[in-house]
Amino acid sequence: MSIDFKEPEDEQVEIALRNFRDSVRAWSDEEFARSRTIERSRWNGFWRAAASPAMGWALAGVLMLGGVAVPVSVVHERQVADEQAKKLAIQQERQRLKEEAAREQAVVAMNDDELLSHVDSDIAQSTPDALEPLASLMNDANGN
Amino acid sequence: MATTVLESMGKLAVATVNGQDFAEAAAQYRPQIFRFLLASLRDPDAAETLTQDCLLKAHRNWGSFRGDSSVMTWLLRIAINLQKDHWRSRRMQFWKTTNSNSVDADDASQWLPSLASSPEQQVVARDQIRLVWQAVKGLSERQRTVFMLRHVEEMEIHEIANAIGLSEGTVKAHLSRAMVRVRAELGGKR
């Protein structure tokens, strides 16, 4: 490969770069020729399995199910709680109305008793107007 | 003109890919991929593992390779991406730093070119190589990749741009910054 982009480097830098290049190549050739065993860790196997498409689809399915099921159960629980609260409110209202009706009946009953006793007292204590002239005549006759 | 040359290179690559068995291509380019990864990672075991991964990936996608670039550029692009993933995972696995097999710059500079024959030349060459490694250590990941492709693999700027997926101007900028660092390292010692 030819080099078409030439930086203004002085000779020392060029020599240093050439030495560097040759050194890297010598090192690479030596390392490349050396046989080595590459150990595969268990974690690599685990992550490779975790990154497999089947595992990805399974995880996506679980996430989707969870994403749908959790909001549905939350909404359902809320609906049940609302219904229970409504029932309780209706029962409390009914009880309140019953108590109010009983109180009104008690008030009405008390008023009737008072009226009757008042009438009774009026009849017993006052003299009827129609007999008053007769009573005066009787008083005069007794006087003569 | 440059586009025409690139297009003709691509067509040539298609013909070569169609005619060439994968095993043949792998055997031909494997040493170069290993060398690039070794120079970038300074870890022979990691370089070997990533070379295997690179060839495995290439084998899986061999049928879909359209030949827009040469086989070597395509393989290097895969290797560069694997190297990026490697560095990313190393950063995440900070607790594994003690298990790293990275060779120190001083040890890496022990490999001398055959040109340096006399003891004096060897000492000077070793010192220069150590300083270049020292500078390379301070480069960013992208600068290091560009520097290695340019000065170890001796690739052209447009080939590097094609392999990394950057514009030629950006590659030149990265290379220029890398060279400033190398010169500073070498200059400080002279």
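This is a predicted model: local features need pLDDT of at least 70, side-chain atom pairs count only at pLDDT 80 or more; totals for chains, interfaces and linings use all residues.
Which residues does Ile160(B) touch, not counting residues up to four places away in sequence?

**View 1. The contacts of Ile160(B).** Leaving aside residues up to four places away in sequence, Ile160(B) touches Val146(B), Leu149(B), Arg150(B), Met155(B) and Val171(B). Ile160(B) is also among the residues that touch the most other members of the largest nonpolar core.

**View 2. The largest nonpolar core, with 50 residues.** Alongside Ile160(B), the residues touching the most other members are Ile33(B), Leu37(B), Leu75(B), Ala79(B) and Val132(B). Elements giving two or more residues to this core include helix H1 (11–33) of chain A, and H3 and helix H8 (157–164) of chain B. H2(B) gives the most, with 10 residues. At least three residues come from each of domain 1 (1–102) and domain 2 (104–190) of chain B. As a general background, nonpolar side chains tend to be buried together in soluble globular proteins.

**View 3. The two sides of H3(B).** Helix H3 of chain B runs over residues 44–60 and reaches 24 Å from its first C-alpha to its last, close to the 24 Å expected for its 17 residues. Buried here are Pro44(B), Ala47(B), Leu50(B), Thr51(B), Cys54(B), Leu55(B) and Ala58(B).

**View 4. Chain A and its 4 helices.** Chain A has 0 strands, and its pattern along the sequence reads α-α-α-α. Of its 144 residues, 6% count as buried.

Definitions and conventions. Residues are numbered from 1 along each chain as its sequence is written. Chains are lettered from A and ligands numbered from 1 in the order in which they are written. The expected span of a helix is 1.5 Å times one less than its number of residues. A residue is buried if 20 or more other C-beta atoms lie within 10 Å of its own, exposed if 12 or fewer, and partly exposed in between; C-beta atoms are placed from the backbone. The arc is that of the directions from the helix axis to the C-beta atoms. A nonpolar core is a set of buried Ala, Val, Leu, Ile, Met, Phe, Trp, Tyr and Cys residues joined through C-beta atoms within 7 Å. Domain bounds come from an automatic or database domain assignment. Two residues are in contact if their C-beta atoms, placed from the backbone, lie within 7 Å.
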